[in-house]
Amino acid sequence: NELLMEQIHEIFQKALTKDECKILSMRFGLDPYEKQYSLDEIAKELNISRSYVSRIEKKILEDMRSLFNGS
């Protein structure tokens with residue numbers, strides 16, 4: 001599991017911005033030492049609006065779907 005998580009983080013770091021990686025990691029608890037954060041908690045932590053976090057999350061997921069579907 002650790003090796004798989006390292007590979008996932010490496011892919012994210014290559015494909016996403018630093019902020020996108022942080023949001024994705026926080027939102028879905030991808031760091032084994034972190035909990036999953038709500039949109040509100042992430043917004044507060046990064047000093048941005050909840051709706052902006054939501055838009056970034058949506059964009060990341062759409063980009064990832066395209067990447068993995070070969071579109």
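**Briefing: helix packing and burial**

His9 has its place in helix α1. The model described here is predicted. Helix α4, residues 50-69, packs against helix α2, residues 18-28. Helix α3, residues 39-46, also packs with α4. The points below take the helix contacts, then single residues.

**α2 against α4**
- Two packed helices are described by the angle between their axes and the distance between the axes.
- For α2 and α4, the angle is about 95° and the axes are 10 Å apart.
- That angle falls between 65 and 115 degrees, so α2 is roughly perpendicular to α4.
- On the α2 side, the contact is made by Glu20, Ile23, Leu24, Arg27 and Phe28.
- On the α4 side, Val53, Ile56, Glu57, Lys59, Ile60, Leu61 and Met64 take part.
- By class, the α2 contact with α4 holds 8 nonpolar, no polar and 4 charged residues.

**α3 against α4**
- Helices α3 and α4 pack at about 105°, with their axes 8 Å apart.
- Helix α3 is therefore roughly perpendicular to α4.
- Leu39, Asp40, Ile42 and Ala43 of α3 meet Arg50, Val53, Ser54 and Glu57 of α4.
- The residues of this α3 contact with α4 divide into 4 nonpolar, 1 polar and 3 charged.

**Glu57**
- Glu57 is part of helix α4.
- Its relative accessibility is 14%, under the 20% cut-off, so Glu57 counts as buried.
- Leaving out residues up to four places away in sequence, Glu57 touches Arg27, Phe28 and Leu39.

**Burial in α2, and what follows**
- The buried residues of α2 are Glu20, Cys21, Ile23, Leu24, Ser25 and Met26.
- Their cover includes α1 (2-15), α3 and α4.
- Gly29 follows α2 and has a positive phi, near 60°.

**Leu30 and His9**
- Leu30 is found in the loop between α2 and α3.
- Leu30 has a relative accessible area of 18%, which means that the residue is buried.
- Beyond its neighbours within four places in sequence, Leu30 is in contact with Met5, His9, Phe12, Leu24 and Ser25.
- Leu30 and Leu4 are 26 residues apart in sequence, and 11 Å apart in space, C-alpha to C-alpha.
- His9 is partly exposed, with a relative accessible area of 24%.
- Not counting residues up to four places away in sequence, His9 touches Ser25, Leu30 and Asp31.
- His9 and Phe28 are 19 residues apart in sequence, and 12 Å apart in space, C-alpha to C-alpha.

**Asn47**
- Asn47 sits in the loop between α3 and α4.
- Asn47 has a positive phi of about 55°, although it is not a glycine.
- With 72% relative accessibility, Asn47 counts as exposed.

**Rings and charge**
- The charged end of Lys35 sits over the ring of Tyr37, 4.9 Å from the ring centre.
- The count of aromatic pairs comes to 0, with ring centres required to lie within 6.5 Å.

Methods: Residues are numbered from 1 along each chain as its sequence is written. This is a predicted model: local features need pLDDT of at least 70, side-chain atom pairs count only at pLDDT 80 or more; totals for chains, interfaces and linings use all residues. Side-chain values use heavy atoms; hydrogens and water are left out. Axes are lines fitted to C-alpha atoms, for helices over the stretch in contact, and angles run from 0 to 180 degrees between N-to-C directions. Helices (H or I, at least four residues) and strands (E, at least two) are DSSP runs, numbered from the N terminus. Angles under 35 degrees count as roughly parallel, over 145 as roughly antiparallel, 65 to 115 as roughly perpendicular and the rest as oblique. Contact means heavy atoms within 4.5 Å. Ala, Val, Leu, Ile, Met, Phe, Trp, Tyr, Cys and Pro count as nonpolar, Asp, Glu, Lys and Arg as charged, and the others, Gly among them, as polar. Buried means under 20% relative accessible area, exposed over 50%, partly exposed in between (1.4 Å probe, protein chains only). Rings of Phe, Tyr and Trp (its six-membered ring) pair if their centres lie within 6.5 Å; planes under 30 degrees apart count as stacked, over 60 as edge-to-face and the rest as tilted. A charge sits over a ring if NZ of Lys or CZ of Arg is within 6 Å of the ring centre and within 35 degrees of the ring normal.
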